Amino acid sequence: MGQGEEAPEAFLHMMSNWYTEYIRANPNAQPPPPPPIPQPASVAPQVVEVVRREKPPVDKIRKQGAEEFRTSKDDDPERAKF
């Protein structure tokens with residue numbers, strides 16, 4: 001074993017001995033709970049998913065007879081809103 005490997009090995013040995021002694025002195029001690037399982041982080045925010053579900057696909061809108069609307073800054077705002 002190299003010098004860098006001796007310290008972790010000695011630490012693990014010391015902790016193992018300590019735990020063994022602890023269990024002997026405290027026979028009713030319960031083992032520690034397992035560490036929590038890390039959950040993968042969501043890539044896209046939940047809000048984006050909600051918006052996508054609420055907007056119908058363009059194909060469905062066109063099947064209902066909707067026409068494409070284009071405007072320019074010179075058009076009447078009330079008509080564009082309608």
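Mentor: A salt bridge is a side-chain nitrogen of Lys or Arg within 4 Å of a carboxyl oxygen of Asp or Glu. Keep that cut-off in mind. This is a predicted model.

Trainee: Which side chains meet in a salt bridge, N to O?
Mentor: The structure holds one salt bridge. The cut-off is 4 Å. The N to O distance here is 2.7 Å, and the side chains are those of Arg24 and Glu21.

Trainee: How are Arg24 and Glu21 separated in helix α1?
Mentor: Both residues lie in helix α1. They are three residues apart, so the separation is about one helical turn.

Trainee: Is Arg24 buried or exposed?
Mentor: Exposed means over 50% relative accessible area. Arg24 has 60% relative accessibility, so Arg24 counts as exposed. For Arg24, then, the answer is exposed.

Trainee: Which residues form an aromatic pair?
Mentor: A search of the whole structure finds one aromatic pair. Its centres are 5.5 Å apart, and the pair is Trp18 and Tyr22.

Trainee: What is the arrangement of the Trp18 and Tyr22 planes?
Mentor: Planes under 30 degrees apart count as stacked. The angle between the planes of Trp18 and Tyr22 is 20 degrees, and the pair is stacked.

Trainee: Why are Trp18 and Tyr22 separated by about one helical turn?
Mentor: Trp18 has its place in helix α1, residues 3–25. Tyr22 is in helix α1 too.

Trainee: What accessible area does the nonpolar patch on the surface have together?
Mentor: Patch residues need over 30% relative accessible area. Tyr22 has 36% relative accessibility and counts as partly exposed. Tyr22 is in the patch with Phe11, Leu12, Met14, Met15, Trp18, Tyr19 and Ile23. Together they have about 810 Å².

Trainee: What share of the residues in the protein chain is buried?
Mentor: Buried means under 20% relative accessible area. The accessible surface of the chain is about 8,700 Å², with 58% belonging to carbon and sulfur atoms. Of the 82 residues, the buried share is 0%.

Trainee: Which helix has the lowest mean pLDDT?
Mentor: The chain has four helices and zero strands. Its average pLDDT is 76. Helix α1 has the highest mean, 85, while the lowest, 57, belongs to helix α2.

Key. Residues numbered from 1 in each chain as written. Predicted model: local features only at pLDDT ≥ 70, side-chain atom pairs only at ≥ 80, totals over all residues. Heavy atoms only, no water. Patch = residues over 30% accessible without salt bridge, like charges linked within 9 Å, V, L, I, M, F, W, Y side chains within 5 Å. Areas by Shrake-Rupley, 256 points an atom, 1.4 Å probe, with all protein chains shown as cover. Helix = DSSP H or I, 4+ residues; strand = E, 2+ residues; numbered from the N terminus. Buried < 20%, exposed > 50% of the residue type's maximum accessible area, 1.4 Å probe, protein only. Phe/Tyr/Trp six-rings, centres within 6.5 Å; stacked < 30°, edge-to-face > 60°. pLDDT = per-residue confidence, 0-100.
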